[in-house]
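Please walk me through this structure.

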Number of protein chains: 2
Amino acid sequence: MNNFIFQNPTKLIFGKGMIARIAEEIPIEKRIMITFGGGSVKKNGVYEQVKDALKNHNTIEFWGIEPNPSVETLRKAIDLGKKEKIDFLLAVGGGSVIDGTKLIASAIPQDTDAWDIVLKGSVDWEILPLATVLTLPATGSEMNRGAVISNSTTREKFSFASNCPVFSVLDPETTFTLPKNQIANGIIDTFVHVMEQYLTFTDINPLTDRWAEGILQTLTDIAPKIYENPRNYDLMANFMLSATMALNGFIAFGVPQDWATHMIGHELTVLHGLSHGHTLAIVLPGTMRILSESKGDKIVQYGERVWHIDTGTKEERIDAAIRKTEDFFRSLGVSTRLSEERIGEPTIAEIERRFTERRVAFGENGNVDATIARRILEDRM
Amino acid sequence: MNNFIFQNPTKLIFGKGMIARIAEEIPIEKRIMITFGGGSVKKNGVYEQVKDALKNHNTIEFWGIEPNPSVETLRKAIDLGKKEKIDFLLAVGGGSVIDGTKLIASAIPQDTDAWDIVLKGSVDWEILPLATVLTLPATGSEMNRGAVISNSTTREKFSFASNCPVFSVLDPETTFTLPKNQIANGIIDTFVHVMEQYLTFTDINPLTDRWAEGILQTLTDIAPKIYENPRNYDLMANFMLSATMALNGFIAFGVPQDWATHMIGHELTVLHGLSHGHTLAIVLPGTMRILSESKGDKIVQYGERVWHIDTGTKEERIDAAIRKTEDFFRSLGVSTRLSEERIGEPTIAEIERRFTERRVAFGENGNVDATIARRILEDRM
């Protein structure tokens with residue numbers, strides 16, 4: 001196990017009816033900006049619950065943070081927040097709204113341009129406190145510091161470090177009206193978050209291995225049932241909790257991490273507009289295949305503990321584990337091949353060019369460069 | 001899953017050489033009381049590392065917090081802390097030193113007697129910040145709010161809620177010189193902490209079930225190896241991390257809890273001086289046996305996932321799981337029967353009398369009263 005430092009101060013407020021609690025969690029003297037996406041919260045009752053809880057607070061609203069939140073949209077919220085002397089942010093929505101709000105909270109206290117903050121990776125001044133009401137289990141942003149922001153002018157997508165939310169309300173009932181493709185993306189995103197932290201070497205940390213496998217087992221158990229019963233409270237609660245636990249640091253104690261799949265996936269999103277989860281479903285089987293030499297022992301462990309693959313040679317087990325993974329994604333209704341999305345050599349060449357220019361070195365061995373990324377993508381044709 | 005609120009702000013600083021970090025974690029203007037147990041930290045180098053790290057800080061020392069820390073000892077530390085205007089506590093030791101220091105940190109700011117604080121269960125004033133350097137993995141106190149304090153005059157042992165440590169340093173190398181019986185007690189304490197939160201009903205939270213089983217699997221995997229290799233860094237790191245994770249709230253999201261075994265065990269400690277872990281090894285198999293009707297389905301799940309018991313009738317599986325549990329404790333070198341410790345009917349009668357007087361109702365069903373406690377203890381004769 002490697003040395004590590006861990007701290008996660010986010011207060012989780014979990015369960016039905018818990019949105020009302022935000023009234024007592026936010027000091028009454030705060031000037032709050034509530035941030036939203038495109039309006040689904042007006043259909044599922046979340047907007048009313050939030051407004052009712054904060055009826056005695058001083059609030060303004062900012063609407064229109066889009067999926068893969070763009071710095072262009074967020075600059076408008078930052079300008080508004082400065083003008084209105086906002087000193088508390090409440091993000092109501094999924095990971096995109098939360099990620100965007102992390103940039104707003106980071107940018108309001110200073111005059112640095114928002115995209116410069118993203119490129120810098122973090123800030124050295126005090127970030128405004130932010131909190132969340134989550135409506136889409138997927139990114140884990142409700143209980144971590146990270147945020148991923150897109151620039152629609154330069155067609156780039158990068159992550160930066162903000163603060164953990166001071167609290168996050170997770171009411172599984174808010175997810176009852178999610179469309180199937182968003183549930184699929186959330187399950188895939190959660191699954192691959194775990195894999196990025198887990199599928200490296202064996203025997204580094206047997207406890208976090210078990211915990212990572214526990215999330216994967218829970219997801220594979222509940223995914224088919226969720227599709228049949230999207231309004232089953234316990235199923236959605238298990239999904240929602242799994243998504244938060246997949247990226248809040250709990251399974252990352254003292255272990256190396258990968259993240260190559262995410263980095264390649266981000267490029268497919270900015271170049272083709274594919275949803276984040278969908279890009280991960282396409283890329284991950286390729287990462288497993290092309291890096292199967294260094295990841296082989298862990299793939300075998302994964303196959304055995306998550307998919308009960310306990311016979312065959314090492315190569316056969318690796319093949320079976322990759323196939324099971326791809327089949328799982330396909331069972332959720334997403335395509336897993338670039339050719340299915342009519343993406344081909346020009347995109348591979350562009351990603352190779354970008355990674356060459358940026359001199360990237362992703363993966364737990366720091367060996368996923370432009371050439372390896374090309375091989376991973378070629379495997380996914 | 002039940003509604004829940006979770007927050008754990010403790011900063012974990014984990015790994016070899018990390019004690020030096022405390023210098024930057026404690027503000028230089030603080031007046032620190034460093035608290036210790038009986039002196040083992042002078043033999044294993046921890047004392048020197050702590051003193052060296054804090055050589056530029058303002059510190060005083062308090063020595064002699066005993067196993068099952070007594071309010072009588074702690075009152076002396078509280079008086080000293082008030083006199084010296086202490087405003088930061090650093091506990092260096094195992095769970096007893098940390099628990100005792102939580103009472104010191106709670107009592108210094110007010111004039112309420114320390115035992116009254118324990119009986120009240122919590123305080124409504126600001127507690128002094130405390131931090132820890134852990135040397136004995138067992139209680140989990142390094143990352144939770146709880147503390148258990150004994151009164152040697154009244155022969156009582158109760159828990160109360162203080163604050164989470166602001167940080168805890170866990171360096172597995174500090175455990176290399178632990179005697180075998182302390183390692184055994186730490187493994188048993190960790191194991192039973194998990195069981196108190198896990199062995200209730202099935203299908204409440206499949207994710208925390210997996211995580212609880214992950215700790216149990218890790219413990220049963222590493223325990224025999226630790227006995228062979230007590231200076232193996234990775235083994236001790238796995239043990240140390242497991243102990244902290246067993247009682248920091250991570251496996252308790254939205255689940256009912258039991259704690260009857262601990263409550264009965266505390267009485268055996270105050271009446272006979274048995275170590276805490278040892279009492280749990282004696283009591284737990286009885287709790288499983290006597291409550292096997294309500295806990296049966298979960299015992300079967302536990303047997304299958306932790307001990308690979310996958311054949312036989314339900315009754316046979318329950319029997320096998322209880323036997324495996326007791327055998328595991330015995331393999332660590334502790335006795336598991338009251339008769340082996342020459343404890344008999346007079347003690348059972350006294351515990352029954354105390355529980356009747358206190359009108360206790362322990363367990364996830366609130367049905368472990370004086371009569372059930374007697375039956376559990378009779379099962380352990």
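Thr371(B) counts as exposed because it has 12 C-beta neighbours inside 10 Å. The scale works like this: a residue is buried if 20 or more other C-beta atoms lie within 10 Å of its own, exposed if 12 or fewer, and partly exposed in between, with C-beta atoms placed from the backbone. Thr371(B) sits in helix α15 of chain B, residues 370-379. Helices (H or I, at least four residues) and strands (E, at least two) are DSSP runs, numbered from the N terminus. Thr356(B) is 15 residues away from Thr371(B) along the chain, and their C-alpha atoms are separated by 8.3 Å.

A word on conventions. This is a predicted model, in which local features need pLDDT of at least 70 and side-chain atom pairs count only at pLDDT 80 or more, while totals for chains, interfaces and linings use all residues. Residues are numbered from 1 along each chain as its sequence is written, and chains are lettered from A and ligands numbered from 1 in the order in which they are written.

Now take the two chains together. How is chain A laid on chain B? A turn of 180 degrees with a shift of 0.0 Å along the axis does it, and the RMSD is 0.0 Å. That is the relation of a two-fold axis. In chain A, Pro9(A) has the C-alpha nearest the axis, at 2.2 Å from it. The copies are superposed by least squares on the C-alpha atoms of residues with pLDDT of at least 70 in both.

Next, the interface. Here 32 residues of chain A are in contact with 32 residues of chain B. Contact means that the C-beta atoms of two residues, placed from the backbone, lie within 7 Å. On the chain A side, β1 (4-14), α8 (206-228) and α9 (233-245) each supply at least two residues. By class, that side of chain A has 18 nonpolar, 9 polar and 5 charged residues. Ala, Val, Leu, Ile, Met, Phe, Trp, Tyr, Cys and Pro count as nonpolar, Asp, Glu, Lys and Arg as charged, and the others, Gly among them, as polar. Of the interface residues of chain A, 100% are also interface residues in chain B, so the copies meet through the same surface.

β1(A) pairs with β1 (residues 4-14) of chain B in the antiparallel sense, over 7 bridges. Two strands pair if DSSP finds at least two bridges between them. Asn8(A) has Asn8(B) as its bridge partner in β1(B).

Step back to the whole sheet. It is open and has 12 strands, in the order β3(A)-β2(A)-β4(A)-β5(A)-β8(A)-β1(A)-β1(B)-β8(B)-β5(B)-β4(B)-β2(B)-β3(B). The pairing is mixed. At the edges lie β3 (58-62) of chain A and β3 (58-62) of chain B, each pairing on one side only. Within chain A, β1(A) runs parallel to β8 (residues 167-170), joined by 4 bridges. Lys11(A) stands opposite Phe167(A) in β8(A).

β4(A) pairs in the parallel sense with β2 (residues 31-35) of chain A over 4 bridges. There, Met33(A) stands opposite Leu89(A). β4(A) also runs parallel to β5 (residues 130-134) of chain A, with 5 bridges joining them. Gly93(A) has Leu134(A) as its bridge partner in β5(A).

Two loop residues deserve a look. Lys85(A) lies in the loop between α4 (71-83) and β4 (88-93) of chain A. Lys85(A) is not a glycine, yet its phi is positive, about 50 degrees. With 8 C-beta neighbours inside 10 Å, Lys85(A) counts as exposed. Asp203(A) lies in the loop between α7 (180-198) and α8 of chain A. Its phi is also positive, near 65 degrees.
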